[in-house]
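Please read these points with the sequence and the model open side by side. They go through the places I would look at, one at a time.

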Amino acid sequence: MSPLARAQAFCERFGLRLPILLAPMAGACPPSLSAAIANAGGLGGCGAASMTPAAINAWATELRATSNGAFQINLWAPDPPPIRNLAHEAEVRAFLAAWGPEPPASAGDFTPPDFGAQCEALIDIAPPVVSTIMGVFPPDVVTRLKARGVSWWATATTVAEARAVEAAGAEVVIAQGMEAGGHRGVFDAARAEADLVGLFALVPAIADAVEIPVVAAGGIGDARGIAAALMLGASAVQIGTGFLRCPEAKLDPAWAAALADAQPEGTTVTRAFSGRAGRGLATAYVRAAAAPDAPAPAPYPVQRGLVQPMRDAANGDVDRMQAWAGQSARLARAEPAGELAQSLWNEAKALLGG
């Protein structure tokens, strides 16, 4: 099947006009951005890892009221409880005091919303698509979602993970290359820095290993990346950073400006924000946290709680923001999201001879 025919088949199966998905970025996916992508014919997205069931429901309600209702909601598969080290946490808190208010000891007690309750919310809301990152849904959740007519997609960062995703019953595998901004979706958190596989190697390897459609994610910022991903075996692409400068993203201006100036080597994988590895801009805080004399980040989600006071006090200072960014950040265009999605696809089709 040709790349364009494969993309068309994917769109027909999932009710889309464009094989372009908005990456479900936690904290950076307001309904306005997803609505713009959905109304253009793509798929909106909500990164709901840190959202309560009530917040997830409110997001979906607003999205459905302002769009054609094409969207996915993404959840993190939960990690085991962290092993706490209060002495080490005190060192991290002292380090963070140089970047904002010193976090209280209680900040390390942060816990994410209950995963089971989030799953119940998704079953009740029944979005067209739900997706997972860092693992897969429990079998009973998969069964109940499918009974509600919900399609389950799952993220993989290696071929082994892609095979596990297919075996667990996912209908689509999202191949996340190491170029992607935000948290890495590795199943084993300890392997995040070791298993750094680039998208151009990952997509064809996964496409050859599984029967389900592959969505390419990570470092895709223009039509050249879309066309290349489809040529390598993907049926669609997922773009996150590439839409963050659109007005509908409502991004902090300092973060948006930094994206425009970022070169690929201006991003790095860090655990300094959450304790989980993610790719962001190599800001002054990120570089300081990686220095030999800096304390290692606390485990997830302890580090997430400890860093929150700094983030709350950022006040437009990108050096203290959790400024996630993929390696193609400089390609992001400050254009209306729907128009951008359509023009990207038109340009990609021309490159592919369509």
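Is Asp222 buried or exposed?

1. Asp222 is buried: its relative accessible area is 13%, and the cut-off for that term is under 20%. The structure is a predicted model, and this value, like the others below, is computed from it. Asp222 sits in the loop between β8 (214–217) and α9 (223–231). Setting aside neighbours within four places in sequence, Asp222 has contacts with Leu331 and Leu344.

2. Salt bridges come next. The whole structure holds eleven of them. In one, the side chains of Arg84 and Asp109 come together with N and O 3.2 Å apart. Arg84 belongs to the loop between β3 (71–76) and α4 (86–96), and Asp109 to the loop between α4 and α5 (115–125), so this pair ties together parts that are 25 residues apart in sequence. Neither side is recorded as buried: Arg84 is partly exposed at 34% relative accessibility, and Asp109 is partly exposed at 48%. Glu89 joins Arg84 and Asp109 in a network of salt bridges.

3. Two further salt bridges can be checked by eye. Arg191 and Asp195 meet through their side chains at 2.7 Å, N to O; Arg191 is partly exposed, with 38% relative accessibility. Arg333 and Glu335 form another, with their closest N and O atoms 3.1 Å apart. Both of these residues are partly exposed, Arg333 at 24% and Glu335 at 28%.

4. Which residues of helix α6 are buried? In this helix, residues 139–147, they are Val141, Val142 and Leu145. Viewed down the axis of α6, the buried residues fall within an arc of 100°, so they line one face of the helix. The general rule behind such a pattern is that an α-helix has 3.6 residues a turn, so residues three or four places apart point the same way. Pro139, Thr143 and Ala147 are exposed and lie on the face of α6 turned away from the buried side. The cover over the buried residues of α6 includes α5, β4 (129–133) and β5 (151–156). Just after α6, Gly149 has a positive phi of about 80°.

5. Some backbone geometry deserves a look. Most residues other than glycine have a negative phi, and most peptide bonds are trans. Met134 has a positive phi, near 70°. Met134 is in the loop between β4 and α6 and is buried, with a relative accessible area of 4%. Asn315 also has a positive phi, near 50°. Asn315 lies in the loop between α12 and α13 (337–351) and is exposed, with a relative accessible area of 71%.

6. Which peptide bond is cis? The bond joining Tyr300 and Pro301 is cis, with omega about 0°. Pro301 is placed in the loop between α11 (284–289) and α12 (302–312). Tyr300 and Pro301 come up again in the second largest pocket, where they are among the residues nearest its centre.

7. That second largest pocket holds about 340 Å³ of space. Its lining is made of 20 residues, and Pro78, Asp79 and Pro112 join Tyr300 and Pro301 as those nearest the centre. By class, the lining has 13 nonpolar, three polar and four charged residues.

8. How many cavities of 30 Å³ or more does a search of the whole structure find? The search finds one, and about 50 Å³ of space lies in this largest cavity. Its lining consists of Val92, Phe95, Leu96, Ala272, Tyr285, Ala289, Pro295, Pro297 and Gln303. The elements giving two or more residues to this lining are α4 and α11, and α4 gives the most, with three residues. By class, the lining of the largest cavity has eight nonpolar residues, one polar and no charged.

Note on methods
Residues numbered from 1 in each chain as written. Heavy atoms only, no water. 1 Å grid on protein atoms, 1.4 Å probe; cavity = no way out; pocket = protein on both sides within 12 Å on 5 of 7 lines; lining within 4 Å. Points joined across faces, edges and corners; volume = space filled by probe spheres on them. Nonpolar A, V, L, I, M, F, W, Y, C, P; charged D, E, K, R; others polar. Salt bridge = Lys/Arg side-chain N within 4 Å of Asp/Glu carboxyl O. Helix = DSSP H or I, 4+ residues; strand = E, 2+ residues; numbered from the N terminus. Buried < 20%, exposed > 50% of the residue type's maximum accessible area, 1.4 Å probe, protein only. Arc of directions from axis to C-beta. Contact = heavy atoms within 4.5 Å.
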